[in-house]
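Look at the structure first, then read on.

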Amino acid sequence: MKNLDPKRARWIRIRMGILCGMMGLGLGVIVSGAHRIQVEDGSDWYELAERQRQRRLHVTPKRGTIYDRNGAPLAESVEVPSISMDAVEMLRGIEEQYLPMRIQQYAERIGQALNLPPQDVAEKIGRKRRFVWLKRRVSETEVAAVRALGDKNQRYPLRGLQIEGEGHRFYPNRELGGPLVGFVSPDGEGREGLELSLDTELRGRSSEVRGLRDRSGRLIFSEGIEDEAALAGHNVYLTIDKGIQFTAERELESAMKTYEAVGGSVIVADPSTGEILAMASAPGYNPNDYSTASPDARRNRAIVDRFEPGSTMKVFSIGTALAAKAVSPTANIYCEEGNMAIDNVVIHDTHPAKWLTVTQILSLSSNIGTAKIALGLGEQKLYEGFRRFGFGDTTGLPFPGESMGVLRPRGKSWVQVETANASFGQGISVTALQLTMAMVAVANGGKLLEPVLIKRITDGGGTALSEASTHVRREAIAPSVAKLMSEMLVAVTEGEGTGVEAAIPGFRVAGKTGTAQKFDPVTGRYTDTHYVASFVGFVPAEKPRLVISVVLDEPLGGTYGGGSVAAPVFRRIGEMALRYLGVTPRGSVPMKLTDISERAKEGDPATNTYQVLTEAKAAVSPMTAGVVTPSAPMKTGETRVPDLTGQPVREAIRAIVGAGLVPQVEGTGRLSKQEPPAGAVLPKGASVKLHFEPSS
């Protein structure tokens with residue numbers, strides 16, 4: 001600068017000053033902008049950056065578990081991988097003119113990895129949505145293929161594919177309680193049974209949160225979740241006992257097979273609380289594979305189906321008449337020797353008699369005697385009595401599709417013959433659950449209870465949200481009348497009663513048989529070939545622990561009566577359930593419950609429980625195998641086992657029933673073995689095991 005011309009040097013200094021000033025001004029602007037971005041607007045920019053980095057994740061909460069009363073799971077959710085797609089992320093940065101080509105390329109690659117039609121995948125990509133399911137419940141192979149598509153080491157990695165952990169409903173007991181529990185759709189919504197009626201509680205509250213997923217599809221929440229339990233559905237504890245449910249279903253299935261019935265149901269209830277311990281419906285289905293089951297198999301017949309109850313209604317007709325003092329317990333009723341004309345209809349009795357007491361009318365199931373008592377009571381009082389027992393109304397059970405049954409059209413009274421028919425269960429319809437709860441009222445001293453199926457509901461953390469309690473709807477009959485009815489019903493299962501097959505050794509059983517003709521809508525008349533066989537009762541009669549109803553629709557095999565078809569099912573379920581509950585007859589040795597727990601460790605608890613109970617029963621009540629003595633004389637009440645070798649199922653059952661014995665059928669085909677063998681002398685009503693094998 002010293003050797004330069006002063007003017008030029010001054011000009012250079014001016015330009016350098018201007019340049020430095022501009023640089024200083026620019027630096028000040030930069031620093032000011034940086035300060036505004038980093039300090040003044042720092043939080044806003046940080047939030048924007050987080051919003052761009054994070055994604056809105058649709059989180060479906062884990063569906064709650066359904067347990068039985070002892071905490072055994074009946075339905076639970078497990079996580080399985082599913083593939084979703086963020087199409088906006090996938091197509092980010094691709095110029096508009098290349099989009100069709102890229103979409104087609106991506107669709108073909110994704111379709112090959114997930115075994116999906118490329119055109120379907122291309123359509124989903126073209127919608128440009130931030131979240132869409134590509135395929136749900138995929139295999140590990142498909143998961144690996146999707147991960148390979150997003151591998152950044154390859155030339156064209158795909159973005160926007162996510163592996164989601166999704167809840168899948170699983171029913172560990174397969175067919176056990178299928179029509180009762182129901183199932184859920186692939187979207188996690190309850191479709192039938194308790195899964196539908198309790199869907200709001202089980203499903204929980206779905207929400208959208210911001211966060212990321214790691215490579216394994218696990219959620220990473222940047223701010224955490226305040227209450228993780230809030231994302232889970234509630235857990236439901238039923239009053240159902242898995243062991244008793246298994247026994248009920250097994251015995252019902254056996255009876256269905258033996259008598260070739262088209263359907264059936266069994267309900268076991270605790271008469272002191274109204275809790276339902278078992279509710280079986282046949283045919284059933286496996287909720288894990290519900291798509292292959294017919295609507296008929298998915299229907300819970302115990303609640304949905306209504307049927308004419310037949311003679312089981314005599315319990316409530318006579319109970320109502322006794323409560324109204326329309327008949328005396330010691331009264332003798334003339335029963336017209338088996339035939340009585342009312343209007344233009346003739347009523348028949350299967351056990352013709354002249355004079356019968358009220359107890360004999362029940363034990364011999366006299367239609368004429370019951371009709372006369374009902375006519376003396378009056379149409380209106382009989383109707384009101386049925387209503388007090390809960391017929392013609394829903395029971396209050398939280399189950400979809402419950403039928404109310406039909407007593408009579410609204411505002412229309414019964415004429416004389418209709419009153420008579422209704423008294424012995426003809427011309428009206430009920431459900432198995434109504435029948436059970438009405439008998440519960442007789443067993444517990446006259447109180448009509450609301451059935452309890454949901455014992456407790458808890459949240460994801462185990463806190464109880466609701467607890468069931470016993471609810472008395474009304475007093476159906478006075479306690480003294482209920483006690484009197486209990487004693488009368490014991491006569492049904494003793495001596496010459498129609499329900500002796502329901503008698504359980506060591507216990508007094510109170511109950512009533514029912515054999516109802518089915519109405520043929522084509523002919524408009526009752527058919528002589530199709531029946532509904534039923535038995536409803538309780539045990540022990542003096543201090544009831546169980547009320548059991550058994551209904552079989554259209555039994556065949558040579559017999560269809562409630563006393564020969566449904567009563568044995570009652571006995572077998574009652575025997576098992578009483579031992580399971582620790583109620584043993586006098587003089588017997590209580591079964592060691594440790595046996596059950598030890599055996600349960602080896603496999604399926606329900607199967608092992610049933611096996612232990614069966615062995616215990618055999619040990620206490622050895623089979624009346626006896627010695628084959630073909631020439632031995634038979635005493636009164638005894639019969640000889642016929643030779644059934646080689647006979648098909650139906651003919652063998654017909655022969656056994658004809659001999660006064662009760663068949664227990666195993667297998668199909670022709671008879672290969674019978675226990676006791678042919679020629680053995682047994683008391684009437686004893687059981688004979690029939691083993692069938694397919695013909696070679």
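Gln674 stands opposite Leu690 in S30. Strand S30 covers residues 687-693 and runs antiparallel to S28, with five bridges joining them. Two strands count as paired if DSSP finds at least two bridges between them. Strands are DSSP runs (E, at least two residues), numbered from the N terminus.

This is a predicted model: local features need pLDDT of at least 70, side-chain atom pairs count only at pLDDT 80 or more, and totals for chains, interfaces and linings use all residues. Residues are numbered from 1 along each chain as its sequence is written, and side-chain values use heavy atoms, leaving out hydrogens and water.

S28 and S30 belong to an open sheet of three strands, in the order S27-S30-S28, with mixed pairing. S27 (662-666) and S28 (670-675) stand at the edges with a single partner strand each, so one side of each has no neighbour in the sheet.

| Pair | Residues of the partner | Bridges |
|---|---|---|
| S20 and S10 | S10: residues 235-238 | four bridges |
| S20 and S21 | S21: residues 464-467 | three bridges |

Asn235 has Thr458 in S20 as its bridge partner. Ile457 has Ser466 in S21. S20 and S21 form a hairpin, with five residues between them. In the turn, Gly462 has a positive phi of about 90°.

How confident is the predictor? Its score is pLDDT, given for each residue from 0 to 100. The chain averages 85, and 86% of the residues score at least 70. Over residues 589-594 the pLDDT stays under 50. That stretch has eight contacts beyond four places in sequence, where a contact means heavy atoms within 4.5 Å.

Definitions and conventions
pLDDT is the predictor's confidence in each residue, from 0 to 100.
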